[in-house]
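This report describes how parts of one protein chain pack together. Look at the structure below before reading on.

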Amino acid sequence: IRMKKINSILVCLDLSSFDKALTNFTIYLENHLDADARITLFHNIRYDFLGSQMKLSEGQIRTLKEKIKGEIHDQCKPLFKNKNIDFDLIIDDDNSTVKSILKARDACEADLILMGKKRDDEGAGIVPQKLLSMDRKRTPVLLVRQGKPPKIDNFVAAVDLTPVTAKVVDATGDLAKQFGGTPTCLYVYQIPITYFPYIESSNEELKAEIKENSTNKFRSFIKENEDLKLVNWNLELRKGTNIARSIVEYLEESDSDLLVIARVGKPNLLGIRVGGVTRRLLGIPLPVPLLII
């Protein structure tokens, strides 16, 4: 999945103060992508707050939809008009927000879904996790933070040097060409403590060997893709017992603007099995937006 193929962006709004961060990030992306992307602003109305004893009439539902559509339009039009950006609106009413998002994704043929990383103290919340699990098309999802101006100059790709690394490197390489800068691929390696007594090499020798092997493997990913030879890369190696925590620590120490990671899992009857590290990163605070491909 490559960033340069993004022709349509679905922006999920919830009528909160977070919508401003999402719309600002949308404008930033639109101004930096290779070609103008179709922008669709989306909101889903859920009626479960009414309880089982109360239902709205069809007329009340139509009125509510029109009022919400008008409010989003009035709030966003000045922002987008100032940047000469057109947008469409989809207002749905489905008690399954995830199904509603996927339906809107199909309607506008979105190549990227923008959502808010709403629960910054605890994680991304349940909707993004369900979306990643239910979306068999695996549309990239970008979780945007609140409180920081949109900027993508320095981005980090979390890799594990398995075949899925190629997808993450591809997407990050495309970002580098469009936004500039030198991307960093971060590989956190682990040595189970159980095996320490059986390893004869010293700690420094082991580190050197892991670094050499990892670097060679990473270079092979770059060589396999002709386009990526145009991009300069940094490879950062970290040793850690908790991969997700090690990634967060690196992001906090470095001047990073975005983290790119794969969802990894294989499809089954229940959906997509999201990888363990990705799932953990969804559940903890991050200092940067998170792009999941």
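## The chain as a whole

Of the 293 residues in the protein chain, 48% count as buried, where buried means under 20% relative accessible area, exposed means over 50%, and partly exposed lies in between, with a 1.4 Å probe and protein chains only. The model is predicted, so local features need pLDDT of at least 70 and side-chain atom pairs count only at pLDDT 80 or more, while totals for chains, interfaces and linings use all residues. Residues are numbered from 1 along each chain as its sequence is written, and side-chain values use heavy atoms, with hydrogens and water left out.

The protein chain has eight helices and twelve strands. Helices (H or I, at least four residues) and strands (E, at least two) are DSSP runs, numbered from the N terminus. Among contacts (heavy atoms within 4.5 Å) between residues at least 6 apart in sequence, 80% join residues at least 24 apart.

## Helix α7 and its cover

Which residues of helix α7 (residues 243–253) are buried? They are Ala 244, Ser 246, Ile 247, Val 248, Tyr 250 and Leu 251. The elements that cover these buried residues include the strands β6 (155–159), β7 (184–189), β8 (234–239) and β9 (258–261), together with helix α8 (276–282). At the start of α7, a side-chain oxygen of Asn 242 comes to within 3.2 Å of the backbone nitrogen of Ala 244.

Ser 246 lies in helix α7 and counts as buried because its relative accessibility is 8%. Leaving out residues up to four places away in sequence, Ser 246 touches Val 188, Lys 239 and Gly 240.

Thr 184 is placed in strand β7. Is Thr 184 buried or exposed? Thr 184 counts as buried, because its relative accessibility is 10%. Apart from neighbours within four places in sequence, Thr 184 is in contact with Phe 155, Val 156, Ala 157, Asn 234, Glu 236 and Tyr 250.

Ile 284 sits in the loop between α8 and β12 (290–292). With a relative accessible area of 19%, Ile 284 is buried. Ile 284 and Val 248 are 36 residues apart in sequence, and their C-alpha atoms are 9.1 Å apart in space.

## Helices α1 and α2

Two packed helices are described by the angle between their axes and the distance between the axes. Here, axes are lines fitted to C-alpha atoms, for helices over the stretch in contact, and angles run from 0 to 180 degrees between N-to-C directions. Helix α1 (residues 18–32) packs with helix α2 (residues 58–82) at an angle of about 25°, and their axes are 11 Å apart. α1 and α2 are therefore roughly parallel to each other; angles under 35 degrees count as roughly parallel, over 145 as roughly antiparallel, 65 to 115 as roughly perpendicular and the rest as oblique.

The contact is made by Thr 23, Thr 26 and Ile 27 of α1 and by Cys 76, Leu 79 and Phe 80 of α2. By class, this contact of α1 with α2 has four nonpolar, two polar and no charged residues. Ala, Val, Leu, Ile, Met, Phe, Trp, Tyr, Cys and Pro count as nonpolar, Asp, Glu, Lys and Arg as charged, and the others, Gly among them, as polar.

## Helices α3 and α4

The axes of helix α3 (residues 97–108) and helix α4 (residues 126–134) come within 9 Å and cross at roughly 55°. α3 and α4 are therefore oblique to each other. Thr 97, Val 98, Lys 99, Ile 101 and Leu 102 in α3 meet Val 127, Lys 130, Leu 131 and Met 134 in α4. The residues of this contact are six nonpolar, one polar and two charged.

Methods
Polar contact = N/O pair within 3.5 Å; in protein donor to acceptor, adjacent residues only side chain to side chain.
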